[in-house]
Amino acid sequence: MNDQTELKDVFVWSSRFETGLREVDLQHAKLVQMINALALIAVEGTNQPKLLRLLDELQDYAGYHFKTEEDLMAQYALNTEFISEHVHAHESLTEQIRIVRKLAESAESNAGVAVGRLLPFLTKWLLFHVLGTDMRMAHEIIALQRGEPLQRAEEQALAQQSESLVIVLDALNDITDNLTRRTTQLQEANQRLRISEARYALAQRGARIGNWDLDLDSRDLRWSAEVDPLFGFRLRDFSHPFDGFMACVHPDDRSDFLEALETVRQGSNNFARQHRIVWADGSVHWLAMTGECLRGRLGESDRIVGIVRDVTDEKLAREQLQDTNAQLKLSLASVERHAADLTRLNELNEGLQSCLTTSEAFEVVEHTLSRLNLGSGGALAVQAIGADELKTVVRWGDASGMSAQFAASACWGMRRNQRHTLLRLTDGPVCKHFDALPSNPYLCYPLQVLGENLGLLTVSAPADVSEREWGRITHLSAMVAESLKLALSNVRLREALHEQAIRDPLTGLLNRRYLDETLPREIVRAQREHRPLSLVMLDLDHFKRVNDTWGHEAGDAVLVHLANILKQYLRSSDLACRFGGEEFVVVMLGANLTEARERIELIAKKMRETPIPLPHLTLPAVTFSAGLVQAELHGDSAELLLRNVDHALYAAKDAGRDCIHEAAVK
Ligand SMILES: Nc1nc2c(ncn2[C@@H]2O[C@H](COP(=O)(O)OP(=O)(O)OP(=O)(O)O)[C@@H](O)[C@H]2O)c(=O)[nH]1
């Protein structure tokens, strides 16, 4: 059951109120409806337009209702004194309605006073005029209608007056009961409302929330008491709350706030803004104001009704979260970069481990370091065993300033055998292995293993490199340098072992094992490329006599002497091997028999004409005999060619030595 229904029950129309004159009774019922409507306005709170409409209706009602009654009284020619009193009563109500209407329209604030004045008047009217005077009038008219004479009709009406009094008293009782019940309900409702409001206020204070209500036309701004702690002072005390509030808004946020209000004025339904306010003590706090626009009707202005909330802590927490996120992102990026660096470093290590020669290692270094994001550029220089100078063998990025060749002493790092880093060029002495004085930060890592200089790693960085990035470059360069040291010394060792395995230690020429491995491959290649390949076998003449006459060491010196002449007179593509004892085999790639003979004759001539100097004596020149074959002409396998060239050599020996004999073509 809602409040409105309860109020209608205050003045309940009863059939006992009926006079018996149908038209009059219908109009009285209408009056009860209007009194109930007035009571509703009194309880709901003053609504001036609604009240004025009701008063107009009441005025209108008085006009036609009083006319109905006065016409009836005249029609049945009732006592003139009674008619006169009745009409006077009607006039007093009409006057009362007029006065109250004037009061109600004078000011909105007077509407409540007007209702307070009219409602008791109408209640009394209902009880004493409608149920008293009108009832007597009706009884008299009905008696006249039955044909009673006027005197008798008046007496009967008066006799029934006591009955009307009972009805009035009953109605009064009903009204009192209804009002008491209604009052109790209202008190209970008020109590509940107070508790609920107290809880709401408590909840708002706890949640640091308040209400606001802004009239968009007049800028009349109202706050709930709970907003005070949010602003640091009582906003409601400002004589102009809106101006006072705007003065608290942080100067940088004011135009934004006003713009948002304007958007709502233009038609947007929702308002949501976060802005700063400055407390009286100068501290800055964040508020979130949200609201909904209530569009005014019947001349009322638009309003925003909403909630204001202190979000300073949330804002701070969010900012801290954003900071943490940003730091996390940075750390993550640095970790990812570090992981990428390690992957490349791993690639470098794996690549270097599988290199057989230094030139292969240089290729791997160039390929990997250019992708390692190691500074803006750099270079690797190596120092060959026994060499005084370093040669730059790999460059990446911007390494144009690095000298192609320089002495180890040009580098301060190599001199001290420790890393030399210059973040600022004024931090220490600048190395001299640059073609032009460097202008950017750089660092040098000497590559030294067991006291042996292998080379130098140099890395440059952009001029504006950060200390953090410089730290990363230095750290990464140290790891790269360690890898390079290990790889270079391994490759060198492997190359040395390989050399030992394929070279004759006395003469430095290739050995027979190498020839056995290489010759079949070269024969096949020569066949595929349709190029000639000649094979010469040389054997020193009467070498036993040299040994026997001057000793074994002298014999060795003769062997070295021949090897040196071979190295000197043969092309770098030719393979000179010590085949065994005092026998040598030369493979001439791309040479036919004629070319091979010419070359061997030159060597034979040189041998024939050159005595051999020893520390204490000079040996007379020694000659050799040689056999000569060409692949395909004298065989297409290494085995056959070697057999045929051996025969040719023996033929040369048989022919008297110091000569070259070609094998016969079969
Ligand atoms: N000093 C020295 N002598 C060697 C070496 N290898 C083999 N000889 C000697 O070379 C000599 C080869 O002698 P022979 O095969 O008889 O032939 P030759 O004396 O050169 O006579 P012809 O070949 O017939 O001209 C032997 O005395 C071997 O000891 C070596 O590495 N150093």
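Six strands form an open sheet in the order β8-β7-β6-β11-β10-β9, with antiparallel pairing. The edge strands, each pairing on one side only, are β8 (405-407) and β9 (420-422). From one strand to the next, the twist averages 20 degrees. The model is a predicted one.

Within the sheet, β10 (residues 442-449) pairs with β11 (residues 452-460) in the antiparallel sense, over eight bridges. Here L443 stands opposite V459 in β11.

Two helices meet these strands. Helix α13 (residues 467-502) packs on the sheet and touches β6, β9, β10 and β11. Its direction makes about 30 degrees with that of β10. Helix α11 (residues 358-369) lies across β6 (377-382), β7 (389-397) and β11. It runs at about 35 degrees to β7.

Now the ligand. It is surrounded by 16 residues, and the closest are H542, F543, N547, D556 and R578. By class, the shell holds three nonpolar, five polar and eight charged residues. Polar contacts include these:

| Residue | Protein atom | Ligand atom | Distance |
|---|---|---|---|
| L540 | backbone N or O | oxygen | 3.3 Å |
| N547 | polar side-chain atom | nitrogen | 2.6 Å |
| H552 | polar backbone atom | nitrogen | 3.0 Å |

On its own, the ligand has 660 Å² of accessible area, and the protein covers 67% of this. Which elements give two or more residues to the shell around the ligand? They are β13 (533-540), α15 (543-550) and α16 (552-569). Helix α16 gives the most, with four residues.

Notes. Residues are numbered from 1 along each chain as its sequence is written. This is a predicted model: local features need pLDDT of at least 70, side-chain atom pairs count only at pLDDT 80 or more; totals for chains, interfaces and linings use all residues. Side-chain values use heavy atoms; hydrogens and water are left out. Two strands pair if DSSP finds at least two bridges between them. Axes are lines fitted to C-alpha atoms, for helices over the stretch in contact, and angles run from 0 to 180 degrees between N-to-C directions. Contact means heavy atoms within 4.5 Å. A residue is near a molecule or strand if one of its heavy atoms lies within 4 Å of it. A polar contact is a pair of N or O atoms within 3.5 Å; within protein, one must be able to donate a hydrogen and the other to accept it, and residues adjacent in sequence count only if both atoms are side-chain atoms. Accessible areas come from the Shrake-Rupley method with a 1.4 Å probe; for residues, only the protein chains shown count as cover. Ala, Val, Leu, Ile, Met, Phe, Trp, Tyr, Cys and Pro count as nonpolar, Asp, Glu, Lys and Arg as charged, and the others, Gly among them, as polar.
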